[in-house]
Amino acid sequence: MPPSARPAPSAPRRPARRAALRRLGEWCARHSLIVVVLWIVALAGIQAANKSVGGAYSDDFSLPGTQAQQGRDVLQAHEPAAAGTSSQVVLHDAAPLTGFQPQIAQATASLQQLPHVLSVQGPLPPPGQAPQPGGPLSADGLTGYFTVRFDTNPTLLGDGYLPGVDAAVEPLRAAGVQVEYGGPLGELARPAADDRSSEAIGFAVAVVVLLVGFGSVIAAGLPLLTALFAAVVGLGVLGLIAALSTFATVAPTLATMIGIGVGIDYALFLLTRHRQNLMDGVDPVASAGQAVATSGRAVLVSGCTVIIALSGLSVSGISFIAKLGAAAGITVVSAVLGALTLLPALMGLIGRRMDRFAVRRPIAEAGGEGGEVEGGAWHRYARRVEARPWRYLVAGVVVLAVLSIPLFSIQLGHIGDGADSTEFTDRRAYDLMAQAFGPGSNGPLTVVVDQSAVPAEARAGVLASVQRALTGLPGAASSTPLQTSPDGVVLFDTVIPASAPQDRATTDLVNRLADTVLPGAVAGTGAKTYVTGNTAAQVDFLDIVSSRLVLIIVVVVGLAFLVILLVFRGLLVAVKAAVLNLLSIAASYGVVVAVFQWGWGGPALGVEGKVPIESYVPMMMFAIVFGLSMDYEIFLLSRVHEAWLRTGRSQDAVAHALEITARVISCAALIMVSVFAAFIVSDNVVIKMMGLGLAVSVLVDATVVRLLLVPAVMTLLGAAAWWTPRFLDRVLPHIDTEGANA
């Protein structure tokens with residue numbers, strides 16, 4: 001018999017760790033009230049601590065070593081008033097703003113007196129002077145703006161800072177002038193994100209799916225209750241950690257999406273095994289212990305796989321992205337803990353009353369723990385795939401290939417305020433600025449020239465050369481005259497792009513300024529040049545993310561490959577898992593590009609116009625999707641492997657596994673799709689993008705991949721799927737995901 005067809009070694013003797021899981025499940029079920037009370041106390045205590053000392057979330061992140069950060073540091077050292085974080089306070093009226101000079105002067109003085117304000121530039125020129133072209137007053141005089149520079153990012157100042165700003169501009173509003181806040185100040189003025197409607201939609205769909213799929217009110221409620229408890233605890237822990245380290249504003253929403261999704265899935269897989277045990281006459285406490293020792297081990301392995309995939313984001317070297325992965329990982333940990341402790345306690349508390357409030361005939365695992373099920377719908381489907389595996393394989397690959405086509409035109413960038421709802425003041429400020437001063441006014445660039453190495457007598461020549469280079473610059477709408485710092489060491493000015501901040505043309509302008517225009521203007525003088533500001537920092541961020549995306553993919557795929565290899569000890573099955581997951585992720589990327597970048601349905605989702613793909617979304621999606629897809633991979637393959645170890649017949653093993661797992665995996669996937677898709681109603685465009693991408697990826701993974709490609713590939717591979725070279729077989733540990741001997 002060739003090595004590829006040799007039956008795998010029999011399942012190993014039950015290890016002590018599985019016995020420990022069994023004891024854990026039985027103890028939680030036997031002492032159910034204690035465990036439930038402990039969870040309630042933990043939830044209340046963590047939430048109380050979070051409200052008392054928990055941190056805030058902010059998108060204020062630095063990128064050490066980038067030219068934008070270096071330019072800001074130089075400006076901070078020589079002209080602090082010009083180096084702070086700037087925001088616009090935009091004014092508009094039907095009458096010329098020059099008629100509101102007293103109110104503008106009063107607002108200027110009041111803004112200047114606010115804490116953390118470094119400088120304020122008003123919209124009106126000094127008395128007796130005409131407005132300058134490219135200045136803060138529009139040509140028709142109807143729109144103008146204050147430039148307010150802060151010594152910190154205004155988003156870090158908290159909601160308590162806004163009343164002072166409102167009071168400062170109140171004279172203008174009282175006179176009937178429209179006042180809007182742009183930039184970081186506008187972000188601070190946004191209402192706090194409220195994801196309760198998304199969570200409610202996701203939970204409502206989950207209730208319907210669970211009731212239809214499993215026929216019991218109690219059985220439908222337990223996964224939801226467990227997931228909710230675990231997610232709230234995890235979010236509380238995240239809030240406490242946020243007091244020590246800054247997390248992005250999208251971090252809690254992302255953690256909620258992932259935590260609820262995997263929490264319901266993990267509880268569902270354990271509960272399904274427990275209900276089948278009860279139907280087979282097993283005592284509830286013993287059944288809970290067996291469920292934790294078997295399906296609970298798969299949950300533990302799957303949770304570790306998701307966390308490993310998320311931890312792969314740390315190789316990006318960008319704290320912003322690594323912390324988003326850590327935030328999601330916190331709720332994954334709480335979901336695993338909830339499934340392994342709280343759920344067994346609830347199962348023990350309910351006992352045999354699990355199906356008391358049934359809406360249909362209760363069902364659990366098809367076929368239970370018995371042998372292979374003959375004649376079931378999924379079993380017959382598996383046999384059809386086995387009869388024509390190439391047909392199903394080609395069909396699945398074609399579907400994924402078509403969905404992936406838009407991926408080849410992906411444009412990474414930053415989503416500006418222009419894509420947000422007009423309910424937000426920063427969006428209204430964006431529109432006023434774009435209409436009056438051009439789209440580039442929302443993304444000004446600050447040019448910085450460090451002359452510290454230039455002799456004093458040569459600095460005038462540097463100024464003249466840089467000014468010539470900036471005059472008539474292609475891609476720029478205007479630039480202000482160069483200014484000199486008080487010590488004469490630094491030159492700086494503002495360049496207004498001709499295009500919107502998120503446009504590719506603006507990115508090209510930033511790169512051209514930083515790489516060729518400015519270095520060419522100061523060549524041979526010893527001066528150093530930088531392009532800084534929020535837009536330039538976003539371009540630097542995009543460049544870093546783009547350069548490290550391939551590394552993230554390699555690391556995450558490599559880690560996932562190792563996990564599958566360790567769990568199933570099959571080289572080809574690990575390669576198959578990595579390749580198929582790459583195909584499904586490519587398909588989900590394609591859908592995201594078509595909807596948001598091509599505009600196919602974007603307006604229906606509340607997105608104004610076509611927008612680029614937020615630079616870090618593909619990286620985050622890749623890690624999350626790869627981790628989540630391994631959940632279904634492990635749950636399905638563990639049953640295939642278990643049946644193959646028992647029978648040695650690979651085709652029968654695939655049919656048996658599909659019969660047992662297809663319904664529960666389909667229900668679990670539908671629930672996770674609904675949870676992710678519900679976040680499309682969020683006001684945050686990035687969250688919409690993440691929600692749609694994750695929902696599509698789970699849907700594709702649970703249908704095209706699990707129902708078409710996996711059965712077809714496993715049929716074609718046969719026993720060779722589980723082949724492992726002898727040297728690997730000797731060094732790989734034995735990991736029993738489903739506890740075949742439990």
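In the predicted model, Val-117 stands opposite Phe-150 of strand β3. Val-117 belongs to strand β2 (residues 117-121), which pairs with β3 in the antiparallel sense over 4 bridges. Strand β1 (residues 85-92) also runs antiparallel to β3, and 8 bridges join the two. Within this pairing, Ser-86 has Arg-149 of β3 as its bridge partner.

Among the helices, α2 (residues 32-53) and α9 (residues 217-242) pack at an angle of about 30°, and their axes lie 9 Å apart. The crossing of α2 with α9 is left-handed. On the α2 side, the contact is made by Trp-39, Ile-40, Leu-43, Ile-46, Gln-47, Ala-49, Asn-50 and Val-53. The α9 side contributes Phe-229, Ala-230, Val-232, Val-233, Leu-235, Gly-236, Val-237, Gly-239 and Leu-240. By class, this contact comprises 13 nonpolar and 4 polar residues, with no charged residues.

Helix α12 (residues 295-311) contains 17 residues and reaches 24 Å from its first C-alpha to its last, close to the 24 Å expected at 1.5 Å a residue. This helix is mostly covered, with 12 of its 17 residues buried. The buried residues of α12 include Arg-297, Val-299, Val-301, Thr-305, Val-306 and Leu-310.

Methods
Residues numbered from 1 in each chain as written. Predicted model: local features only at pLDDT ≥ 70, side-chain atom pairs only at ≥ 80, totals over all residues. Heavy atoms only, no water. Pairing = 2+ DSSP bridges. Expected span 1.5 Å × (residues − 1). Buried < 20%, exposed > 50% of the residue type's maximum accessible area, 1.4 Å probe, protein only. Axes fitted to C-alpha atoms, helices over the stretch in contact; angles between N-to-C directions. Left-handed = near helix turned anticlockwise from the far one by under 90°. Contact = heavy atoms within 4.5 Å. Nonpolar A, V, L, I, M, F, W, Y, C, P; charged D, E, K, R; others polar.
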